[in-house]
Amino acid sequence: MVESSIGGVVPLVKGEVMRRIEGSSVIRDEEQEGVGIAIEWELDRELLCPICMQIIKDAFLAACGHSFCYMCIVTHLHNKSDCPCCSHYLTTSQLYPNFLLDKLLKKTSARQISKTASPVEQFCHSLEQGCDVSIKELDTLLSMFSEKKRKLEQEEAERNMQILLHFLQMLRKQKVDELNEVQNDLQYIKEDINSVERHRIDLYRARDRYSMKLRMLADDPIGKKPWSSSTDGNFGGLFSTSRNAPGGLPTGNLTYKKVDGKAQISSPGPQRKDTSISEMNSQHMSQSGLAVVRKKRVNAQFNDLQECYLQKRRLLANKSLVKEEKDTDVVQREGYSAGLADFQSVLSTFTRYSRLRVIAELRHGDLFQSANIVSSIEFNRDDELFATAGVSRRIKVFDFPSVVNEPADVHCPVVEMSTRSKLSCLSWNKYTKNHIASSDYDGIVTVWDVNTRQSMRNEHGVLIFSRTEPSMLVSGSDDCKVKVWCTKQEASVLNIDMKANICCVKYNPGSSVHIAVGSADHHIHYYDSRNTSQPVHIFSGHRKAVSYVKYLSNNELASASTDSTLRLWDVKENLPVRTLTNEKNFVGLSVNNEFLSCGSETNEVFVYHKAISKPVTWHRFGSPDVDEADEDAGSYFISAVCWKSDSPTMLAANSQGTIKVLVLAA
């Protein structure tokens, strides 16, 4: 048993010994290979030319025993007569061809090629060297090459099929997603069509009831007086007669012609009946014509409106709670989704206007001064006054009702204040009616009292008052600083250091601590003044300097840039919303609820709806004093724009000094 046990152990010991021997041989082979590599590396270093540090080409031996490339040593000896290695005196006559080294270099080169070359290259090299190959060997090689070729072709075909399959699978997934999206959109559209049809039927029935009541009351002479008072109080918003026509104008509270309707009211009963029926018929015809015009506007901007509808509908489709009614004109009914209600508001607002109508015009320039560019134009708190400033070094305050209602070639300002430098920006205090701040090209901020013309001077550039804190204003300048000021003290209360020039600043209308800063670094920096170490968010997307920032609401910010784009941002979610483009750079920017107005280097004023990428309408400035063929006519541009609060009326000024009062019209 002992022998058998020993005999059983011997093979294991032998196997272990063999493994150790094989391992030691592998180690020795690796060591020998490493030594060979080291020797080869040393040999390669010896074969380098001491001048160019490359493999010696056309080796020549100097009298001192050093070898060089022929061209290298000849070029060296043209400048110096010594050996580059040992500084021994040397001339070209002491150079001799080194045939042995050349032969060694050729062999070394061939060996290196054989190591790095592919088998095919090695085979081609062997054939070039005159290696004899039999026909049988060539047939074997050709068969191997054919098999290898077929294998490679098969692998290539498989790869192509895999790529094609991957593409088709991705395409199928994309189309299935698109199909699901289209099916969902069709379902939304079907639901909305049913809701709108039900709502429209209800409106038709209500209109018929009102028409029947009007006819009955018109036929009843006894109920005429109660009808007059009741319809004026209850149905004044549905039907517009000549008596209440001025109040129903889309131009807000501006009245240019007063219509006296007392004769119609005091007319006899039969005449009243005929008049009311004819008025209803004419009104129906005018409403039909207006509907046709608005439908044409829908067709013209169908793609943008479609995108707006789908975006709003998809966004609010999965919400279980219907958003509360914001607009009193929109009737919420069962099945009337919040997305459809939002889009209806956009559609009705967008199609309501088609042009800008000029209702007044005045010249800002002086007779003895050629510089007339208006850099800034602003309404005061109550929209009764508006102020202008520019390169004329004057702040001019005009009475708005007088400009609109009193025709005159030259309107005189009610207040005029002179400054030392050209002015760049104005900002009315929205709480203190007569306070206005100005900034000039020298970086001076001045707060004026329009009544007393007293001023307080501070240092800095563009500025804006805070709506929530009337004593605070913020300014920015080319010194890369944003400064917050208080009208009760001369020094700034807060400084924000930035890395680029400041182009514009704006307080959030719903906050006294959040400030949007447009910069020359192509970004909008959104700061909280309670922590100015870093911005709350940086909005990126513009490709050039951000020249204007304005708030449409507490959460919506608009920006204009010299890259000919206007962008909308959500400052609550820190997301981009929409991009509007123009052929030329935007100059001037003003916002009014859902509309944005901006100037252009083409001397045109553009009006955009915030939900649509293309302009609603535009107006080109022209002057009877300027010939259209004049070379300078194309150099004029819109320099400032400003909306009248909650009104379709706006002011626009150009570089020629022309100020126009424009109103959106159907």
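In this predicted model, phenylalanine 386 has a relative accessibility of 0% and therefore counts as buried, the cut-off being under 20%. Phenylalanine 398, at 2% relative accessibility, likewise counts as buried. The rings of phenylalanine 386 and phenylalanine 398 have their centres 5.3 Å apart, and their planes stand at 20 degrees, so this pair is stacked. The pair links distant parts of the chain: phenylalanine 386 belongs to strand β6 (residues 385-390), whereas phenylalanine 398 belongs to strand β7 (residues 394-399), and twelve residues separate the two. Both phenylalanines are also members of one aromatic cluster, which is formed by Phe379, Phe386, Phe398 and Phe400.

A search of the whole structure finds ten aromatic pairs. Another of them is formed by phenylalanine 60 and tyrosine 70, whose planes stand at 45 degrees, so the pair is tilted; the ring centres are 4.6 Å apart. Phenylalanine 60 lies in strand β1 (residues 59-62) and tyrosine 70 in helix α2 (residues 70-79), so the pair ties together parts that are ten residues apart in sequence. With 18% relative accessibility, phenylalanine 60 counts as buried, while tyrosine 70, with 35%, counts as partly exposed.

The two pairs are set out below.

| Aromatic pair | Distance between ring centres | Angle between planes | Arrangement |
|---|---|---|---|
| Phenylalanine 60 and tyrosine 70 | 4.6 Å | 45 degrees | tilted |
| Phenylalanine 386 and phenylalanine 398 | 5.3 Å | 20 degrees | stacked |

The report now turns to strand β19. Five of the five residues of β19 (residues 524-528) are buried, so this strand is largely enclosed by the rest of the structure. In a regular strand, side chains alternate between the two faces of the sheet. In β19, Ile524, Tyr526 and Asp528 point one way, whereas His525 and Tyr527 point the other way.

Strand β19 pairs with strand β18 (residues 514-519) through five bridges, and the two run antiparallel. Within this pairing, valine 517 stands opposite histidine 525 of β19. The hairpin of β18 and β19 has four residues between the strands, and histidine 522 takes a positive phi near 75 degrees in this hairpin.

Strand β19 also pairs with strand β20 (residues 537-539), in the antiparallel sense and over three bridges. Here isoleucine 524 stands opposite phenylalanine 539 in β20.

Methods: Residues numbered from 1 in each chain as written. Predicted model: local features only at pLDDT ≥ 70, side-chain atom pairs only at ≥ 80, totals over all residues. Heavy atoms only, no water. Phe/Tyr/Trp six-rings, centres within 6.5 Å; stacked < 30°, edge-to-face > 60°. Buried < 20%, exposed > 50% of the residue type's maximum accessible area, 1.4 Å probe, protein only. Pairing = 2+ DSSP bridges.
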